[in-house]
Amino acid sequence: LSRAVRSVRGGDTAPDHRRAHLAGAKPEPAPAVGEAWATRLGLIMAMAGNAVGLGNFLRFPTQAANNGGGAFMLTYFVALVLLGIPLIWVEWGLGRHGGRYRKGHLPGMFAAAWLHPAAKYVGVVGLVIPMAVMVYYTYIESWTLAFAVFTATSDYWGRETQEAMVGYLQSFQGVGGERSHSPFTPFGFFTVTLAINIWFVSRGLAAGIERLVRVAMPTLFVLAAILAVAVLLQPAGALGVSPLLGLQFIYDPEFSRLTDASVWLASAGQIFFTLSVGMGTLAAYASYLSRRDDIALSGLATAATNETAEVVLGSTIAIPAAVTFFGVSGAVAIAQSGSFNLGFATMPVVFQQMGGGVMLGTAWFGLLFLAGITSSVAMLTPITAFLREELGIRRESAACALGGVTLCLGLLHIVWLEHGFLDEWDYWAGTFGLVVVALLEVIVFVWIFGPANAWRSIHEGADIRIPRVFKFIITWVTPVYLVVILVWWGVTDALPILRFERAAGGGPVTANSVPYTLAARGLLIALGILFLLLIRYAWRRNGRDDRAGLPEVPQPGVGAAR
Amino acid sequence: MTPLALGFLIASWTGVLGLTVWCFHRVLRAGRRGRRDEGPGDGKAM
């Protein structure tokens, strides 16, 4: 126990620093008080919680409905094997490798794997993307908290049509003509949601995030299972349609759609969102593992848990419920109008027509809130790690500072929601940016660090042997898949959006929205420049020689925090 | 529900749930083996 305590406090790091000093290099500052996961199950729950988010219950059914149901599912499983699971192993491997040098952020991880002065600057995407996504994701998460309260208090009861509920949702968001909410309501819920997030992040891994997920994840699965059973047991609605038709709608393969490239790209995109790859958050969590800890089996367990939440539970709730009460054509129209309309307008209409609707509706939004918060607490982890490890800022101070920044930026999203500010960040940071980060991770960890080194690194301490075919997949198939997605999205979406030919949220660009779009892009670029300057300052402050490599500071690994 | 859709649903759910159960079975088994091999208080924490 005393060894573990010394290790957690950084006591075992002294020899490395002395060695670095004797070799003539300026010694690194003493690492911040180490962090560790308390248990392996806690780690897997945290990783799975990071992955299981709003996308599992809102985006997935919408995408499946819009892209040929069963055809989408077939391409989805192909993308899971060729893209999702390999990227999970890459992120865990990159993170654990960075952790050997006490680097819980992509600039440090890239510098550890690629001994080049540019590596740390390339890694800036691993700070900008999670920061940007955290801001608007927390805002959307606050809608789930608000609607849980509105449902529990039956605030919208009586609005039994889709149009009436869309009006209610828009009133809450402060867009559209209806004004049945105070303008301060979204601010209040956003502030409360953010404060809860910051509290858990400030408590650290074992005492904060791990404690949260050990309660939240089982609760989430229980709530989802209850809702799935309640939906499937629903008798046929007024249109004479049973919920099983909703399941058939999702699982009936429309083989002709398999030749449609957009279906393959939609499923690949969904795999990205659902597994939370391409944000650096999985890598940040994995950086607290030692070389003794397994990542091959744990990574696979994380992906499997997420897929259970998505394929089994995510497909059984929203679309079957919508099909039961609106028919197949109605559900398709709702899905085409967006996943938020499905979750925040259609589902409340459905719950008003179900027995025990208040309880089920509260459970639905509670489920979404838990799915959201277990993901959003992960998004701040790489940035707090950067501030602690590179600038010596205490965890609590770092969390509070980031909370302040998130609050200020979040207010812009609330005020300018109707001008497409959120859509712009969601596209560049939360859609296109994820693919860019994932491609950079594969290039640095697999191609530059070396396929053999990466493969060996992933297998250190492993409880399973990954089939050798995955070495080929990780080295060639996954990066080619990523390049194809990037080029396709670049041509079909990114360029038209960049040139104002259409809005990031779909639809035409209005002259009124152009200044807000430019402001959104300008703020993202400003965030990037700010983080680049911070990286430059941190590396100079710590007197690093990029080509000599970073001093090794072993992590205590899972269990040291107990 | 058409037989094809039902078959696809059963195959998808069985595959996903089977993989999840297999993974957690191996995680728990590795934890027990780790504790047995390395002695109390020094094994891989579960």
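Of the 46 residues in chain B, 41% count as buried, where buried means under 20% relative accessible area, exposed over 50% and partly exposed in between (1.4 Å probe, protein chains only). This is a predicted model, in which local features need pLDDT of at least 70 and side-chain atom pairs count only at pLDDT 80 or more, while totals for chains, interfaces and linings use all residues. Residues are numbered from 1 along each chain as its sequence is written, chains are lettered from A and ligands numbered from 1 in the order in which they are written, and side-chain values use heavy atoms, with hydrogens and water left out.

Q: How much of the accessible surface of chain B belongs to carbon and sulfur atoms?
A: Chain B has 1 helix and 0 strands; helices (H or I, at least four residues) and strands (E, at least two) are DSSP runs, numbered from the N terminus. Its accessible surface comes to about 2800 Å², from the Shrake-Rupley method with a 1.4 Å probe, where for residues only the protein chains shown count as cover. The share of carbon and sulfur atoms is 66%.

Q: At which residue does H5(A) bend by about 45°?
A: Helix H5 of chain A covers residues 70–99 and reaches 41 Å from its first C-alpha to its last, close to the 44 Å expected. The expected span is 1.5 Å times one less than the number of residues. A bend is the angle between axes fitted to the seven residues ending at a residue and the seven starting there. For H5(A), the bend of about 45° is at Leu80(A).

Q: Why is H5(A) described as largely enclosed by the rest of the structure?
A: The helix has 30 residues. It is largely enclosed because the number of buried residues among these 30 is 26.

Q: How many of the 12 residues of H3(A) are buried?
A: Helix H3 (residues 40–51) of chain A should span 16 Å, and its end C-alpha atoms are 17 Å apart, which agrees. Among its buried residues are Arg40(A), Met45(A) and Asn50(A). H3(A) is largely enclosed by the rest of the structure, since its buried residues number 11.

Q: What kind of aromatic pair do Phe147(A) and Tyr168(A) form?
A: The structure holds 35 aromatic pairs over all chains; rings of Phe, Tyr and Trp (its six-membered ring) pair if their centres lie within 6.5 Å, with planes under 30 degrees apart counted as stacked, over 60 as edge-to-face and the rest as tilted. Phe147(A) lies in helix H8 and Tyr168(A) in helix H9, so the pair ties together parts that are 21 residues apart in sequence. Phe147(A) is buried at 0% relative accessible area, and Tyr168(A) is buried at 2%. With 5.9 Å centre to centre and 85° between the planes, the pair is edge-to-face.

Q: Is Ser276(A) buried or exposed?
A: Ser276(A) sits in the loop between helix H13 and helix H14 of chain A. Its phi is near 55°, a positive value in a residue other than glycine. At 6% relative accessibility, Ser276(A) counts as buried.

Q: Where is Ser154(A) found?
A: Phi of Ser154(A) is near 55°, again a positive value in a residue other than glycine. Ser154(A) counts as partly exposed, at 29% relative accessibility. Its place is the loop between H8 and H9 of chain A.
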